[in-house]
Amino acid sequence: MNAISRSHNAPNQQPTTNTPRLQAQGLSLSYAGKVVSADISMGVEEGKFSVIIGPNGCGKSTLLRGLCNLLPPSAGQVLLDGHDIARLPPRKLAQEIGLLPQSAQAPPGITVVDLVARGRYPHQGPFRQQSAEDERIVAMAMDAAGVADLAHHDVEALSGGQRQRVWIALVLAQETPILLLDEPTTYLDIAHQLELLSLLRQLNRERGRTIVAVLHDLNQACRYADHLVVMTAGKIVAEGTPKALMTPDLLQQVFGLDGIIIDDPISHTPMIVPR
Amino acid sequence: MTTAPNIVLRWRGWSLLLARRALWLNIILFGLLVIGSTTALMLGRLPIGTQEIWQVITGNAPSRAVEHVLIDIRLPRLLVTIGAGAALGTSGAVFQTISRNPLGSPDVIGFTAGAATGALIWIIVFGGTGANVVLAAMAGALLTGVGVYLLARKDGRVSAYRLVLTGIGVGAVLHAINALLLVKGDLDVAISANLWLAGSVDGRDWGHVWPLWLGLIALMGPMLLGMRPLGMMEMGDDLAGPLGVPVERVRRWMLLGALILAALATSATGPIAFVALAAPQLARRLGRAPTQPLIGATLFGACLMLGADLLTRVAPFDLTMPIGQVTGIIGGVYLIWLLAGNRLRNGAP
């Protein structure tokens, strides 16, 4: 596992590291017979926190689903270390790439610890149902997501924010080097949103996890992302660091938003102020 | 905190996770099954005691008559009863897990009706009898299952919601066809067809036992293995897929297995109401299990069927009710309780 700590590097001083492990090549994704995104080629920045932004319905979630083969491509392919992920055994793939989808249902009556333990599935087998290591990792994941003291509570009885953190704990327990999150901050109030994004950054910096998240809030995206991926109408229109990318022009073109960009006084990242 | 809800057994690299409460429930159910089975073997016009049963088992039958009644009449009936209950319970557990709906059982979503259509066409149109009715029912159920699966498919996926609704629709059509067949058919034939439709374990012989039990023995292993990934799918395909579950493949094979089990049970006994619906729910609720316990549902199915059979035999007023009606009455009461208790929370699609 890549355990290099990058905690002391500011985002844009990071060395432009190793070649991407996860790459899309000419990827086209369709949904119910309609092409949502066509011919996307991109590499997921290794060891970085990338954020995908773009207006509603531009294919952000679809791209995430494509990147973990939840949605098989209608053309092109996604490569992990040079291998087509559609041909990898599902369990093998699930040891490398994790996804937190937008919608997930907790089985009725399940406790937090049992639900989080399900994240260990790709590492288990029919006769390897719960090793001591699994238990240790589940405890760690609950700790990291801040739900350790809820371990024996019924998931249904939790608040929306607590529940979301339980789902985060589940994908953390999966222990994948690459983590994809589809709008992980939905259902959370502003304090918990920031807490979650800090947690993701920490995982990225301290544990070397590659993270790709879809976020709606542009200021949050600029603040936390090492790398921004901007999408419109199923295509990637720009990629780069928030500082290099965020311009009034881009705002106008992508979001149809008239605004100015100022320097965030705390994080010194671009901050969008609509006019 | 009280005792841990789970027991983990570990040996070298192997580990098994057992839910404590479900384990106890299974032990109790198994005990009930043993007691019920013994009672079922003793009940009847020729009284047979436990001692005589033991003598027959050890090969020292007290008389020809006892041996004949026990081996050729009561044992096959018992095995068909238990086997059909187990198959229906298992099948119901799988269907309900796939459809994420307590009402998504094989009898609600049209498969039992399909089996009946197969049997009715054979009895009424072709004047068939005996063992072939079993095959016709089997074919009817399987065709219905494949039909519902294909109709419910969209973009290579089968959603739980579509499966239930399509199944109910197909079931309604088949029920109508069944009624039409009964009306159109010759009166004598219609009466014999109606008998089959009532669902019964009377007069079942070893010819009914073998296909049912061979199917059960062959399918239980794969079904148990498949239940783990299927339980993951209760969290939604979007989560289960990236966790390494080959979602569509698991769903397809588990559906096929459950369909065969339901078809085997229905072809051996005729349509039996509510066992497939109630057994998994009872196992889940009494076991307080977050995922559908498969063995619990299997055992509960067997117990319910056996209980209903015993009830028909000791019923007052000399009522000879077919078992299918008894389970229907019990099941109806259970369903009302289920609905009245506002306990369909996990069922709302």
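This is a predicted model: local features need pLDDT of at least 70, side-chain atom pairs count only at pLDDT 80 or more; totals for chains, interfaces and linings use all residues.

If you trace the two elements in the viewer, helix α2 of chain B covers residues 50-57 and helix α3 of chain B covers residues 64-99. Their axes lie 10 Å apart and the helices pack at an angle of about 85°. Angles of 65 to 115 degrees count as roughly perpendicular, so that is how α2(B) and α3(B) stand to each other.

Now step back to the whole of chain B. Chain B has 13 helices and four strands. Its radius of gyration is 21 Å, close to the 20 Å that the globule rule gives for 349 residues, so chain B is as compact as a globular protein of that length. Along the principal axes, the C-alpha atoms of chain B fill a box of roughly 60 × 55 × 40 Å. Of the 349 residues in chain B, 49% count as buried. Looking at contacts in chain B between residues at least 6 apart in sequence, 73% join residues at least 24 apart.

Finally, turn to the place where the two chains touch. Chain A brings 31 residues to the contact and chain B brings 27 residues. On the side of chain A that touches chain B, α2 (90-96) and β6 (97-100) of chain A each supply at least two residues. The largest share of that side, four residues, comes from α2(A). By class, the side of chain A that touches chain B has 18 nonpolar, nine polar and four charged residues.

Terms used: Residues are numbered from 1 along each chain as its sequence is written. Chains are lettered from A and ligands numbered from 1 in the order in which they are written. Two residues are in contact if their C-beta atoms, placed from the backbone, lie within 7 Å. Ala, Val, Leu, Ile, Met, Phe, Trp, Tyr, Cys and Pro count as nonpolar, Asp, Glu, Lys and Arg as charged, and the others, Gly among them, as polar. The radius of gyration is taken over C-alpha atoms; the globule rule is 2.2 Å times the number of residues to the power 0.38. A residue is buried if 20 or more other C-beta atoms lie within 10 Å of its own, exposed if 12 or fewer, and partly exposed in between; C-beta atoms are placed from the backbone. Axes are lines fitted to C-alpha atoms, for helices over the stretch in contact, and angles run from 0 to 180 degrees between N-to-C directions. Angles under 35 degrees count as roughly parallel, over 145 as roughly antiparallel, 65 to 115 as roughly perpendicular and the rest as oblique.
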